[in-house]
Amino acid sequence: MIGVLVTFTQTERFDRSTLAKIAGELRGPFEGMAGLRFKSFMLDEDGVRARNFYVWDDVDKARSFFTEELVDKVAGIYGVPPTIEYLDIVGFVDNSGT
């Protein structure tokens, strides 16, 4: 498994309701996406960083998803370009079935 942390940083605070609307509008294409286990839309405590966290089955699917075209598209949606970090998941706990 591989995690991908995508971070959008602004100098001003993100509007939480706007981010919630973006999350709702963008949710559909990720539901049932091959190779994607989880995706979350997040806002950090100070409100200047919106973060999306993905958990993928394999690194090739994760890396092939984040094309230059996609990065440009999400930069337009969030108003700033993202930084993308690939993280090796060495352990995972999933309590969703309990």
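How many residues lie between β2 and β3 in their hairpin? There are five, and glycine 47 in the turn has a positive phi of about 80 degrees. The model is predicted: local features need pLDDT of at least 70 and side-chain atom pairs pLDDT 80 or more, whereas totals for chains, interfaces and linings use all residues. Residues are numbered from 1 along each chain as its sequence is written, and side-chain values use heavy atoms, without hydrogens and water.

**View 1. The open sheet of four strands.** The strand order is β2-β3-β1-β4, with antiparallel pairing. The edges are taken by β2 and β4 (83-88), each with a single partner strand, so one side of each has no neighbour in the sheet. On average, neighbouring strands are turned by 15 degrees against each other, direction ignored. Strands (E, at least two residues) and helices (H or I, at least four) are DSSP runs numbered from the N terminus; two strands pair if DSSP finds at least two bridges between them.

**View 2. Strand β3 and its pairing with β2 and β1.** Strand β2 (residues 36-43) is joined to antiparallel β3 (residues 49-56) by seven bridges, and methionine 42 stands opposite arginine 51 in β3. Eight bridges pair β1 with β3, again in the antiparallel sense. Here isoleucine 2 stands opposite tryptophan 56 in β3.

**View 3. Salt bridges in and around helix α1.** A salt bridge is a side-chain nitrogen of Lys or Arg within 4 Å of a carboxyl oxygen of Asp or Glu; the structure holds five. Glutamate 25 and lysine 21, both in helix α1 and four residues apart, form one with closest N and O atoms 3.9 Å apart. Glutamate 25 is exposed, with a relative accessible area of 53%, and lysine 21 is exposed at 54%. For the salt bridge between arginine 27 and glutamate 31, the closest N and O atoms are 2.5 Å apart; both residues are exposed. Buried means under 20% relative accessible area, exposed over 50%, and partly exposed in between (1.4 Å probe, protein chains only).

**View 4. The salt-bridge network of Asp44, Asp46 and Arg49.** These three residues are linked in a network of salt bridges. The side chains of aspartate 46 and arginine 49 meet at 3.5 Å, N to O. Aspartate 46 is partly exposed, with a relative accessible area of 35%, as is arginine 49, at 25%. Side chains of opposite charge can pair when their charged atoms come close.

Definitions and conventions:
Axes are lines fitted to C-alpha atoms, for helices over the stretch in contact, and angles run from 0 to 180 degrees between N-to-C directions.
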